[in-house]
Amino acid sequence: MSLHPYRHPHAPEETHNESDPRAPDKWPVLKTMEAVHELMANDGDGDKQFWITEFGFPTNSGTQGPGTMGDECLESAKKALQDNTPIKDSKPAQKTPPGVTETEQGDFLPRMILLSFQGGADHFFWFTAMSQEKNPYDKEHWFGILHPD
């Protein structure tokens with residue numbers, strides 16, 4: 001089983017909507033992992049490995065604006081407008097949540113790793129090692145723990 005338990009901009013152990021059973025992404029990470037383990041056990045998969053295959057805290061500074069689109073989607077949209085054709089493989093823009101500071105990112109990473117293993121994860125993978133840092137409004141550019149320079 002694989003899980004991507006993103007919590008940004010909240011700390012891994014922070015509760016910010018634990019009362020909503022439809023919003024496990026708003027629960028503390030251990031509660032989310034317990035729910036996944038319970039689901040696996042109920043489906044007869046309790047003995048299978050559990051991996052955190054993607055996680056991170058972006059350090060983007062841009063939090064305003066109507067939304068963001070990945071570079072590929074933006075290029076696809078520009079080309080479609082130029083060619084007067086439908087936009088393909090595009091996803092709707094979403095408002096970018098605020099990033100965390102680099103200090104918070106550094107504090108949250110070891111805590112998330114420890115909580116993941118405490119919750120029964122067999123493996124843990126940070127989303128990306130190096131940030132692209134091209135667009136302050138696109139959080140995908142800011143998950144790295146290293147700067148490109």
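User: What makes Phe 143 count as buried?

Analyst: This is a predicted model, and in it Phe 143 has a relative accessibility of 2%. Buried means under 20%, so Phe 143 is buried.

User: And Phe 127, buried or partly exposed?

Analyst: Phe 127 comes out at 31% relative accessibility.

User: Why is Tyr 6 called buried, and what about Phe 55?

Analyst: Tyr 6 sits at 19%, and the cut-off is under 20%, so Tyr 6 counts as buried. Phe 55 has a relative accessible area of 0%, so Phe 55 is buried too.

User: How many aromatic pairs are there, and what makes the one between Tyr 6 and Phe 55 stacked?

Analyst: The structure holds 9 aromatic pairs. For Tyr 6 and Phe 55, the ring centres are 5.8 Å apart and the planes sit at 15 degrees. Centres within 6.5 Å make a pair, and planes under 30 degrees apart count as stacked, so this pair is stacked.

User: Which parts of the chain does that pair tie together?

Analyst: Tyr 6 lies in the loop between strand E1 (2-3) and H1, while Phe 55 is in the loop between E2 and helix H2 (71-83).

User: What is the geometry of the pair formed by Phe 127 and Phe 143?

Analyst: That pair is edge-to-face, with 5.0 Å centre to centre and 70 degrees between the planes. The cut-off for edge-to-face is over 60 degrees. Phe 127 and Phe 143 are both in the segment after E3, 16 residues apart.

User: Which residues do the ring pairs link into a cluster?

Analyst: The cluster takes in Tyr 6, Phe 55, Phe 57, Phe 108, Phe 124, Trp 126, Phe 127 and Phe 143.

User: Which residues touch the most other members of the largest nonpolar core?

Analyst: That core has 18 residues, and Met 33, Phe 50, Ile 52, Phe 55 and Phe 124 touch the most other members. H1 and H3 each supply at least two residues of this core. Phe 50 has contacts with residues including Met 1, Leu 3, Met 33, Val 36, Met 40 and Gly 120, leaving aside those up to four places away in sequence.

User: How do you know that the length of H3 fits a helix?

Analyst: Helix H3 covers residues 102-118, which is 17 residues. At 1.5 Å a residue it should span 24 Å, and its end C-alpha atoms are 24 Å apart, so the two agree.

User: Which residues of H3 are buried, and what covers them?

Analyst: Gln 105, Phe 108, Leu 109, Met 112, Leu 115 and Ser 116 are buried. Their cover includes helix H1 (29-42), strand E2 (51-52) and strand E3 (123-124). As background, residues three or four places apart in an α-helix point the same way, because there are 3.6 residues a turn. Just after H3, Gly 120 takes a positive phi of about 100 degrees.

User: What makes Thr 53 partly exposed, and which residues does Thr 53 touch?

Analyst: Thr 53, in the loop between E2 and H2, has 28% relative accessibility, so Thr 53 counts as partly exposed. Not counting residues up to four places away in sequence, Thr 53 touches Ser 2, Leu 3, His 4 and Phe 125. With His 4 there is a side-chain polar contact of 3.0 Å, and the cut-off for one is 3.5 Å. The C-alpha atoms of Thr 53 and Phe 127 are separated by 7.8 Å, though the two residues are 74 apart along the chain.

User: Where is there a cis peptide bond, and what is the phi of Glu 133?

Analyst: The cis bond joins His 8 and Pro 9, with omega at about 5 degrees; Pro 9 is in the loop between E1 and H1. Glu 133, in the segment after E3, has a phi near 55 degrees, a positive value in a residue other than glycine. Most residues other than glycine have a negative phi, and most peptide bonds are trans.

Notes:
Residues numbered from 1 in each chain as written. Predicted model: local features only at pLDDT ≥ 70, side-chain atom pairs only at ≥ 80, totals over all residues. Heavy atoms only, no water. Helix = DSSP H or I, 4+ residues; strand = E, 2+ residues; numbered from the N terminus. Expected span 1.5 Å × (residues − 1). Buried < 20%, exposed > 50% of the residue type's maximum accessible area, 1.4 Å probe, protein only. Contact = heavy atoms within 4.5 Å. Core = buried A, V, L, I, M, F, W, Y, C linked by side-chain atoms within 4.5 Å. Phe/Tyr/Trp six-rings, centres within 6.5 Å; stacked < 30°, edge-to-face > 60°. Polar contact = N/O pair within 3.5 Å; in protein donor to acceptor, adjacent residues only side chain to side chain.
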